Amino acid sequence: MELHYRTIGEGSPLLILHGLFGYSDNWQTLAKYYGEHFKVYLIDQRNHGRSPHTPDFSYQLMSDDLREFIDQHQIQDAAILGHSMGGKVAMNFALQHPDKLSKLLVADIAPKAYPPHHDDILAGFHSIDLNTLQSRQDADDQLAQKVPDFGTRQFLLKNLYRTEDNKFAWRLNLESIEANLDSILGNIESDTPFTKPTLFLRGGNSRYIKPEQDTEQIKRLFPNAEIQTIENAGHWLHAEQPQEFFKLSMAFLQR
């Protein structure tokens with residue numbers, strides 16, 4: 001699997017894994033700041049961005065992709081930062097290959113299974129007729145019928161692009177994502193914990209990590225984990241409170 005990626009900066013390696021329906025560009029702004037201290041690898045995971053599309057899609061496959069990427073680029077002692085789906089990939093990878101990374105930073109996701117909650121987003125994608133679409137504004141108008149939140153729509157529409165023959169298409173593999181969504185909502189498990197430094201950053205307005213319910217499972221798999229909260233932020237905490245996210249993450253990464 002030849003994953004698409006870009007690098008920013010020089011120094012110790014920092015790998016950033018985006019979330020579901022996202023791609024590496026979502027982290028471009030923060031990566032410029034990280035790039036003043038690290039060599040940042042912005043990676044498109046399979047079925048997202050400019051990386052290959054495949055019918056198979058799971059955390060094990062994405063973890064295997066990451067291992068192949070690290071070996072291919074001869075990356076050693078990387079810090080890995082993953083948001084949402086990317087956070088679960090990072091967790092799974094760390095548990096299976098603890099020797100391949102130095103630190104783990106997980107943004108607003110727990111290792112637990114989640115109930116289905118993407119129906120409106122999937123309906124929104126399907127509501128857009130790419131064959132008759134005339135403009136990005138038309139796409140936003142159609143998507144708004146299913147996804148009323150403007151910020152979420154802007155995030156999703158970053159996947160929309162024009163092909164060489166001037167038609168609209170999605171950068172993500174919607175068919176594969178939808179077919180394998182139950183797997184992506186599943187939990188992360190291991191008989192052996194990851195004992196290296198780990199930080200979970202959660203949005204104060206997000207329900208993805210509930211400390212009162214999730215700390216036990218997190219600590220069982222990641223006994224040296226800290227859980228910190230960024231107030232006035234939801235699930236996209238790195239976009240909603242980028243300065244606070246950068247401050248807390250850098251304090252952890254530079255220890």
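Student: How many bridges join strand β2 to β4?

Tutor: This is a predicted model, in which local features need pLDDT of at least 70, side-chain atom pairs count only at pLDDT 80 or more, and totals for chains, interfaces and linings use all residues. Residues are numbered from 1 along each chain as its sequence is written, and side-chain values use heavy atoms, without hydrogens and water. Strands (E, at least two residues) and helices (H or I, at least four) are DSSP runs numbered from the N terminus, and two strands pair if DSSP finds at least two bridges between them. Strand β2 (residues 12-17) runs parallel to β4, and the bridges joining them number four.

Student: Which residue of β5 stands opposite Leu81?

Tutor: Strand β5 (residues 101-107) runs parallel to β4, joined by six bridges. Opposite Leu81 stands Leu105.

Student: Why is β4 largely enclosed by the rest of the structure?

Tutor: Buried means under 20% relative accessible area, exposed over 50%, and partly exposed in between, with a 1.4 Å probe and protein chains only. On one side Ala78, Ile80 and Gly82 are buried, and on the other Ala79, Leu81 and His83. Strand β4 (residues 78-83) is therefore largely enclosed, its buried residues being six of the six.
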